[in-house]
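Good morning, colleagues. Please keep the sequence and the structure in view as I speak.

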Amino acid sequence: MSNPTRHDDLIESAAGELAQRHQFFLNIANGFGIVFALLAMGIFAGHGATGLIDLRALAVQMGIEGNWLTDRALFQLAFGALLVSLLIAIGASFNNIAHSRRTVATVRRIEAIVLDRAMRDPLTGLHNRSGFKTRLDDALESRAEDAILGVIYIDLDKFKDVNDTFGHEMGDKLLVAVAESLRNLAGPKAEIARLGGDEFAMVVYGRRTPEQIEQLGHDISTVLGQPFLIGSTELSIGGSVGMVVAPMDGTESTVLVRRADISMYRVKAAGRGQALRFDASMEDELRRRKFLEGELRHAIGRNQLQVWYQPYMASDGETVVGVEALLRWVHPDEGMISPGVFIPLAEESGLIVEIGEWAMRRALNDALDLGDIHMAINVSPVQFRRPDFLDHTLEIIGGSGVQAKRVEIEITEGVLMEDAEIAISIINGFRGAGIHVALDDFGTGYASLSYLRRFPFDKLKVDQAFVRNLGRSNGSAAIIHGVVSLGRSLGMTVHAEGVETLEHHIFLRAAGCHHFQGFYFAKPMPLPDLHRFIEGKRNAPGALNMRLQH
C-alpha cells in the first residue's frame, strides 16, 4: 500500500534540496557577474581608455603597492585575473551541469510522487479510476501480439447493508480487508483499483489462457462470499464479478471496460454472488433493457399497465381474507412482460415513483367493489425513501374512500436497513392511521432476526423460497417453524407465500400460519376474474369439507 506520510517526507526533502541548489546557482551567477564587470572596466583603464574606475587606485586600496605597478603591469595583472576567473567559471559550469542534472532528477522524483498520489485511492492504497485507466491503456499498448490481457470488474453485493448496520468506519475497514484479499488473489501480475464506493477492478496480465483469467474471477467471487472478520465482528457480503479477455473480447480500453461492466451487471441481475465472462448475448440484453426502459416511460399514458390480484386465504383454504395487488405490463408488440424484468427497470430509472402511485390509486379504487376484504399494496424502497412518502400515501388512502383498516402496506427488509429510526417512524405513522404494515419476503435480508423485534409490524410474510423447499430440505421446515413461532410470539399475523400443493397447506397450517397464498389456491388474475373467484368461494359452502378429505 502506498504511504501518504512517506510521500510527504520525500516531497518536503526534495523541495528543500531544490531550493538550496537554486540559491547556490544564484550566488555563483551574482559573484561572477561582479568579477567580470570589474575586470572588464580594469582592462579598459589599463589600455588608456577613459575607464570608469582607476585600477591603480583600486590596487592601492587592496594593499598592492610599488614601482613595478606600471600600466603594463596593471594590464597584465588584470588579464591574468581574467584568465583565472575564466578558468574558475569553466570549472563552475561543469559543476553547475552536474547540479542541474541532479535538480532535474529531483523535480522528476517530485512529479512522480505527486502523480502517483493523484492516481491512488487514499483509503486502500489501490489505483483510483484515473490510475486504472492509465494502467489499462499502458498494458494494452505494451501487450505482445500473442499475449492476452484480462479486465475484471467487481461489485460488493451487500456493502450498503454493512454501512447502514455497523456504520461507515466499519465499512471502510471492510473495504481495506477486501483490497488486501484482492492483492493476495491476483498476485504481482495485476493492477488493482478501487473505482469508487464498493466497486473494484483489475487489469490482469501474464496469464497464458483465458481460462486462467476466468478462474481468477471465480476465485474472487468465492473469497468474497466467505465472511470477513473485522475485529470481533463477522461480516457477510458477497461479490458480483464480470470479466473480459483481450483481444478476444475487444482491444480498446473503452470497449473492454464497457463489456466488463455489462457482464458484472448480468451477474447482479441473475442473483449476484457469481462470476461471468462477457459474451455477445449480454450486449443484446442490454440493448433490450434500454428499449424496454424507453417503452416503460410511456406505458401509463398508453394504457399498457394493469393491476392484477392474487387472493390469500384463511387457514381453512376457502375463505378469502384479502388480495395482493400485482403490476402487469401488456405491451402491444412484446406481449406480457414479466414483473421480474420491468420492476427493476422502473426502480433503477426512478419511474417506480409514478408507476407505484398509479398502481396504488387503481388498487384502492378497485377495492371499493370488493366488500370488506383486505387490499395489500407493495411499496418499493425507492418510494419509501422519499421524504413525503408517508404524508402523500396517507393522503391518497384517505381520499380513496377505502377504510384504512382494509389497507395493508407491504415493505421489504431493504428499506429497514437504510435508516432504522425513519423506518420506525413511517411504520408507526401508518399504524397510527389504522393501516396495517406487513414485512414481505421475510428471511432473505441481511439481519432479519435482529431487526424483527425493533419494528412494529402487523404481519410477517414468510418468503416463498422456504415454502417451495419443503420436502426437499430439512432446513426449510426448521426455518419455517422458527419464523412462525417468532412471529406469533410478537403478536404478528404470519402469512405463507408460495403455497403450491396440498402438502404445503397442511404443513403450514400445522406449523401455525394464519394466512396462505399461492398457486394451489389461485393465480394472479384481472379484476373481473377476481370478482368471479370471490363469488364462487362464497357460494361453495361444502368446498372446505371436500378439500380436507383429500
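Just after helix H19, Gly 512 takes a positive phi of about 115°. This, like everything I shall describe, comes from a predicted model. In general, an α-helix has 3.6 residues a turn, so residues three or four places apart point the same way.

The pairing of S2 with S3 (residues 199-204) is antiparallel and runs over six bridges. Within it, Glu 191 has Val 203 of S3 as its bridge partner. Strand S2, residues 190-196, is largely enclosed by the rest of the structure, because five of its seven residues are buried.

Asn 303 is not a glycine, yet its phi is positive, at about 60°. Asn 303 belongs to the loop between helix H9 (280-296) and strand S8 (305-313). Is this residue buried or exposed? Its relative accessibility is 62%, and the threshold for exposed is over 50%, so Asn 303 counts as exposed.

I turn next to a backbone feature of another kind. The peptide bond that joins Ala 246 and Pro 247 is cis, with omega at about 10°. Pro 247 sits in the loop between strand S6 (239-246) and helix H8 (253-269).

Now to a charged side chain. Arg 328, in strand S9 (residues 320-331), is buried yet has no salt bridge. Where is the nearest side chain of opposite charge? That side chain is Glu 324, 8.8 Å away. Leaving aside neighbours within four places in sequence, Arg 328 is in contact with Gln 304, Leu 305, Gln 306, Trp 308, Met 336, Pro 339, Phe 342 and Pro 524.

Finally, the chain as a whole. The protein chain holds 21 helices and 16 strands, and 43% of its 550 residues are buried. Of the contacts between residues at least 6 apart in sequence, 68% join residues at least 24 apart. The accessible surface comes to about 27900 Å², with 54% of it belonging to carbon and sulfur atoms.

Definitions and conventions
Residues numbered from 1 in each chain as written. Predicted model: local features only at pLDDT ≥ 70, side-chain atom pairs only at ≥ 80, totals over all residues. Heavy atoms only, no water. Helix = DSSP H or I, 4+ residues; strand = E, 2+ residues; numbered from the N terminus. Buried < 20%, exposed > 50% of the residue type's maximum accessible area, 1.4 Å probe, protein only. Lys, Arg positive; Asp, Glu negative; His and termini not counted. Salt bridge = Lys/Arg side-chain N within 4 Å of Asp/Glu carboxyl O. Contact = heavy atoms within 4.5 Å. Pairing = 2+ DSSP bridges. Areas by Shrake-Rupley, 256 points an atom, 1.4 Å probe, with all protein chains shown as cover.
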